[in-house]
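Here's a walk through one model, from the overall layout down to a few single residues. Have the viewer open as you read.

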Amino acid sequence: MLSRLLRQVLFTLVHLAASLLVAAQNVYRRFWVKKYDLSTDSVTKYDIQMILEHVPKMTKRLKHLVLLADTDQHTLSDLARLVIWSLVSGIPYISFHDITGDLKKNEEKFFYEVERNKKGIPGCIKWSNKPDLNGYTNGIQAHTVVINIFTSDDGRPKIAQGIRDIAKGIIPCSRNFEEYTAQELDEVLSTVYPSIPNPELALYTGTLCCTHGLMPWQIRLTEFVQLSLDNSVNIKGFLGALYKYNKCDQRFGK
């Protein structure tokens, strides 16, 4: 009885000590970022220099990056800098999972903010859902980044609508059995979703790691990495996340 009580007391003390350490670390990081973070609302030469210095050292090439975008915490400038950093890093696809829904409503404003940050930086930026907003670089061979913006409506509701369209004959689908097969469902998804690779890295800010409705089969191999604790977006956090992804050893069930 005494030993059980002693274990409970020790467990409580260890838990309390760990909570105090985490709280102290959070407070320290918040004050440290506010005091020393020199990031601006535009991409700087320092940002480009840091990317060109560190990215070539990374062995794993990222194809698709996702950011859980919260417009209550992230400004359009924050998100625009991520696009330019991805362009310079050679990441061909970047997607924003719009948690609040405001980013998709302000996609044109977001386009102008990206173009403002892109000035003088070679590369081609394509907007998957807005081909009329695509920006190109004339006569310069450089990287291309494709931007997608998704919301929770692009998850289960969009799939359900796709199934209804099949039932109504709007989307043609060859049926061999009474029940839908995985291949037939994949054909449906290919008609309602853009042809992009599954994301390998998802970035989030703040203390809570949540998928916010990202489709399970798309993120089954995705690494979730915290970009910052205080919802800030800066070049050091971006490069740190890329380094963490490079250190991940995916065993694929082995």
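## A pair of strands to start with

Ala202 stands opposite Phe224, a residue of strand E6 (residues 223–228). E6 pairs with strand E5 in the parallel sense, over five bridges; for two strands to count as paired, DSSP has to find at least two bridges between them. Helices (H or I, at least four residues) and strands (E, at least two) are DSSP runs, numbered from the N terminus.

A note on ground rules: this is a predicted model, so local features need pLDDT of at least 70 and side-chain atom pairs count only at pLDDT 80 or more, while totals for chains, interfaces and linings use all residues. Residues are numbered from 1 along each chain as its sequence is written, and side-chain values use heavy atoms, with hydrogens and water left out.

## The overall layout

The chain has eight helices and six strands, and along the sequence they follow the pattern α-α-β-α-β-α-α-β-β-α-α-β-β-α. Of its 254 residues, 40% count as buried, where buried means under 20% relative accessible area, exposed over 50%, and partly exposed in between (1.4 Å probe, protein chains only).

Contact here means heavy atoms within 4.5 Å. Among contacts with a separation of 6 or more, 68% are between residues 24 or more positions apart.

Which helix is mostly covered, with 13 of its 14 residues buried? That's H3. The expected span of a helix is 1.5 Å times one less than its number of residues; for the 14 residues of H3 this gives 20 Å, and its end C-alpha atoms are 20 Å apart, which agrees.

H8 (residues 235–247) should span 18 Å with its 13 residues, and its end C-alpha atoms are 19 Å apart, which agrees. Its buried residues include Ile235, Phe238, Leu239 and Tyr245, and what covers the buried residues of H8 includes helix H2 (45–54), E1, H3 (76–89), E5 and E6. At the start of H8, a side-chain oxygen of Asn234 reaches to within 3.3 Å of the backbone nitrogen of Lys236.

## Nonpolar cores

A nonpolar core is a set of buried Ala, Val, Leu, Ile, Met, Phe, Trp, Tyr and Cys residues joined through side-chain atoms within 4.5 Å. The largest one has 42 residues, and those with the most contacts inside it are Phe96, Phe110, Ile125, Phe238 and Leu239. H3 gives the most to this core, with eight residues. Another core, of seven residues, lies apart from it; Ile166, Ile171, Leu189 and Val192 are among its members.

Asp153 is found in the loop between strand E4 (144–150) and helix H6 (156–168) and is exposed, with a relative accessible area of 54%. Asp153 and Gly101 are 52 residues apart in sequence, with their C-alpha atoms 9.3 Å apart in space. In the loop between E6 and H8, Asn231 has a positive phi near 70° without being a glycine. Most residues other than glycine have a negative phi. Asn231 is buried, at 19% relative accessible area.

Notes: Polar contact = N/O pair within 3.5 Å; in protein donor to acceptor, adjacent residues only side chain to side chain.
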